[in-house]
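Reader: Please present the structure, and then take me through several of its residues and the surroundings of its ligand.

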Amino acid sequence: MLIDKYDLEVFTPPCEPGAERFSAVARLVTDIREVLPYLNATLRGATYSAAAPSLVWTKAGHRVAFQPYQIAVSNVADRDAAIHELEELVKVVNRTWERRAEIQPSFDERHRPVPMAVYKLLPQTNCKVCGQPTCFVFAAKLTLGQVDLTACPALQEPQYADRLAQLQDMLGTDLPAVGQHE
Ligand code: SF4
């Protein structure tokens, strides 16, 4: 097991007082940098940086960051969900590490899409059903991992199926790491 001990901290980001969104950080005693290329190979849409090193991923609208001695998740609805999310991420790391012999590590460095590229694939009706004032604001929040594609009902309509597929590929989805489900 790569991670067997960590300290957990849950907090509301100071830049968002009263926002009622939570972040959580697992501070590790183990350096997990070696697992990052394996996670990069299995977590669709992850953004890997060898220089940092770090791996950023969006999971169901939550922004996740893996670094050598910590795993952080942000934009979670409540404290218990943040703790649960981090516990699941620790499991993902451990299972990926245990199965690394089956995985071709990836050192590819993706870049997060810019909001305009995302916006061009949205319905562009500014209907506000997603809770955002415009499609562009929604696009900007998608690139930051602050909202999820499922918040736009129009994208689920058949005529947007191709665009939705492109967006999922561009932004990544929360496909599990190898071995996440047993
Ligand atoms: S629900 Fe979709 S179409 Fe409507 S404003 Fe939000 S992103 Fe745009």
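Author: Contact means heavy atoms within 4.5 Å. This is a predicted model, in which local features need pLDDT of at least 70, side-chain atom pairs count only at pLDDT 80 or more, and totals for chains, interfaces and linings use all residues. Residues are numbered from 1 along each chain as its sequence is written, and side-chain values use heavy atoms, with hydrogens and water left out.

Reader: Which residues is Gln-146 in contact with, leaving aside its neighbours within four places in sequence?

Author: Gln-146 belongs to the loop between α4 (135-143) and α5 (161-171); helices here are DSSP runs (H or I, at least four residues), numbered from the N terminus. With neighbours within four places in sequence set aside, the contacts of Gln-146 are Gly-61, Asn-75 and Lys-141.

Reader: Is Gln-146 buried, partly exposed or exposed?

Author: Buried means under 20% relative accessible area, exposed over 50%, and partly exposed in between (1.4 Å probe, protein chains only). Gln-146 has 38% relative accessibility, so this residue counts as partly exposed.

Reader: How far from the backbone nitrogen of Asp-108 is a polar atom of the side chain of Ser-106?

Author: Ser-106 is located in the loop between α2 (79-98) and α3 (115-119). Its relative accessibility is 15%, so Ser-106 counts as buried. From the Asp-108 backbone nitrogen to a polar atom of the Ser-106 side chain, the distance is 3.3 Å.

Reader: What separation is found between the C-alpha atoms of Leu-39 and Trp-97?

Author: Leu-39 is placed in helix α1 and is buried, with a relative accessible area of 0%. Leu-39 and Trp-97 are 58 residues apart along the chain, and their C-alpha atoms are separated by 8.6 Å.

Reader: How many polar residues does the shell around the ligand have?

Author: Among the residues that surround the ligand are Thr-125, Asn-126 and Lys-128, where near means a heavy atom within 4 Å. By class, six residues of the shell are nonpolar and one is charged, while the polar ones number two.

Note on methods. Nonpolar A, V, L, I, M, F, W, Y, C, P; charged D, E, K, R; others polar. Helix = DSSP H or I, 4+ residues; strand = E, 2+ residues; numbered from the N terminus. Polar contact = N/O pair within 3.5 Å; in protein donor to acceptor, adjacent residues only side chain to side chain.
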